[in-house]
Amino acid sequence: MKKIYYILLTPLILLISCNKNVTDNTKIEKLKDTSIEIEPDSTSYSLSLYDISKKINFKEIPRTVPYDSIKNKRFADLILKDSIVVLHSFKPYYIPIEKITWSENPENNNTWQNYYEALFFVSILNHGYQDYGIEAYHEKAKKYILNYIEKHPSLEEKTSDYTWYDHAVAFRTLHMLQTVANDLEQDDPDTKFIKKVFNSLSLNVTFMMDPKNYRIHNHSLMMDRSLLYLAKITKSDSLFYDKIYYPTVTRTIENMDKVIDPTGLAREHSTTYHIFDHNLNKTILTFIEEDDINPAFQLKILRKNDVLLQLVKPDLTFPIWGDSQIEVLNNQRAEEFGNDQRILDVLAGKRLPSIVNFENNIATLRTQKNDSSYVALFANFYSRVHKHNDDLSFVFQTLGMDILTDQGYYGYEKEHRPFLMSVFAHNSIAINNEDYWPGKKGQYSKLTGYSKSDAVEIISGEHTMYDSITVKRKLYFIKPNVIVLQDWAESKYPNLIKNISQQFNFGEKATDIQVSENNAIITFPKNISAIVKSFSNDDKITLEKSYRSRIQYSITPIYQIKVQKPGNKLTTVIEVQSSAYKYPVSNINIQEGEIEYTIKGKKYNLTL
């Protein structure tokens, strides 16, 4: 019986195989007969679609969508029903495709507009097609692209300020190429569609290669990433490849070298952007010939791991510094950073030492005990890119609790962002109740000193962000639970300085606060409390209204304490109390230029 079944089935298998071979051969001939015209800078190049089809690979196209396949499918199904999904931070926006003008902005939000013109939702459809093979996703992606191309026939055609904007153009290029890659997987590729895409990409390439659209910033590196991938898939045409590849490689290496400081820190004043830039740089390097990468630069890239280890908190989260959101050290992050054994050891529970770096001007002070106390102080200034007015600001975690944290950034619009960027939103120092503006000639922010003993670490720094004033901070970390801050301001024009104040922003888990003239008690879960004390009669402690944005476009009210004093000097103590400490510092007092405290029943003195 089995023999008869096999005899009957064999002709059917042969027929299917023959049909597939015929289809494959027909497809190959069609691709070989198709030339792709692309005209960056009005110079025409004719590329072989067959050669492109052999090089383009959906999985190699840099991914911009952060969602897993299940969440992505949920969004893709909404888009099929004409609901535009522009990041999960925004609600879906319903508009039939035939009514789209590309000037829509229902949120009146720059980020929404940027991702809309970047065709971010097209990428969601493209990944949905890759993951589930649902043809409707691919066809819908093509319709959106054709609609966009029709309404943007030249660089002079703009539907918003983000039509021809570095970030949007870089992403849109990748999303168009994704759609081409998906179409080339079809038995009968839509060569008419593909030709239209490359004709439109001519405009994108022209924009991205124009020096006036290029600056030292990660957006420009995004453009380079798109150009280098395009160069990779068109390498068979040496003239076009040379035009795209070599100028792009030269500027992207120079850009990355300027963005990364010698310690490996991304000079964008942000934990999130240090991680983002690392992944962006890593992708770009895969598209660059090995001989074109300087070994010294490769070493610099590897030092990004050092910074990751310097910043990570004991609970494996990262400080919210600058334009940052919640970031976590996990297996995925370890993989992104090359599965560095040091990172894997931290994931396995290894404790890190204190790290103070006078090149990147970040200090992270730690205990090696079960209290896992952690203090990070920031004092660097490279540019205004993603920077907040947070010079000499610090965060404090102990017993797994965020006692003092940074604020986040909400978004890039005027709502909430000005406050969250200001000196008044950070655990820092304000002079004369005024903010400052980074970017003026002669401004700097830096660490100036560090000393350490078994029980105490002392870090000092200063900045010149205020006009004609130098602000200084000396932070004493008396392990495991006390921070003493000695802050002062100096100027050759003493009358400039009327008063000095500090802001302290407490973690979201704080449940209650009691404030008196020179004392505040903040209550946390697990019977943890933080006490803010001042030690002179003219100090004044007040409770201020404040909030934090750890998740983009979301704010949470928090407790903020302000300590203010006339003149130019201010000394404050922050003491965390909990029965969970084995040997806590207690009985803190400051008088006659000395810090007095007790550990294990023994009294100590420390000179201020």
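**Exercise 1.** Determine how the side chains of arginine 333 and glutamate 336 meet in this predicted model, and state whether each residue is buried or exposed.

*Solution.* 
Step 1. Arginine 333 and glutamate 336 are joined by a salt bridge between their side chains, with an N to O distance of 3.0 Å.
Step 2. Both residues belong to helix 14 (residues 331-336), where they are 3 residues apart, about one turn of the helix.
Step 3. An α-helix has 3.6 residues a turn, so residues three or four places apart point the same way.
Step 4. Buried means under 20% relative accessible area. Arginine 333, at 12%, is therefore buried, and glutamate 336, at 14%, is buried as well.

**Exercise 2.** Identify the parts of the chain that are tied together by the salt bridge between aspartate 467 and lysine 440.

*Solution.* 
Step 1. In this salt bridge, the closest N and O atoms of aspartate 467 and lysine 440 are 3.2 Å apart.
Step 2. Aspartate 467 is located in the loop between strand 12 (456-463) and strand 13 (470-478), and lysine 440 in the loop between strand 10 (429-431) and strand 11 (445-452); the pair therefore ties together parts that are 27 residues apart in sequence.
Step 3. Aspartate 467 is partly exposed, with a relative accessibility of 49%, and lysine 440 is partly exposed at 37%.

**Exercise 3.** Describe the length of helix 5 and how far the helix is covered.

*Solution.* 
Step 1. Helix 5 (residues 120-132) spans 19 Å from its first C-alpha to its last, close to the 18 Å expected for its 13 residues.
Step 2. Of these 13 residues, 10 are buried, and the helix is mostly covered. Among the buried residues are Phe120, Ile124 and Tyr129.

**Exercise 4.** Locate lysine 582 and name the surface patch to which this residue belongs.

*Solution.* 
Step 1. Lysine 582 occupies the loop between strand 21 (569-577) and strand 22 (585-591).
Step 2. Exposed means over 50% relative accessible area; lysine 582, at 68%, is therefore exposed.
Step 3. Together with Arg351, Lys369 and Lys600, Lys582 forms a patch of positive charge on the surface.

Technical notes: Residues numbered from 1 in each chain as written. Predicted model: local features only at pLDDT ≥ 70, side-chain atom pairs only at ≥ 80, totals over all residues. Heavy atoms only, no water. Patch = residues over 30% accessible without salt bridge, like charges linked within 9 Å, V, L, I, M, F, W, Y side chains within 5 Å. Areas by Shrake-Rupley, 256 points an atom, 1.4 Å probe, with all protein chains shown as cover. Salt bridge = Lys/Arg side-chain N within 4 Å of Asp/Glu carboxyl O. Lys, Arg positive; Asp, Glu negative; His and termini not counted. Charge placed at Lys NZ, Arg CZ, Asp CG, Glu CD. Helix = DSSP H or I, 4+ residues; strand = E, 2+ residues; numbered from the N terminus. Buried < 20%, exposed > 50% of the residue type's maximum accessible area, 1.4 Å probe, protein only. Expected span 1.5 Å × (residues − 1).
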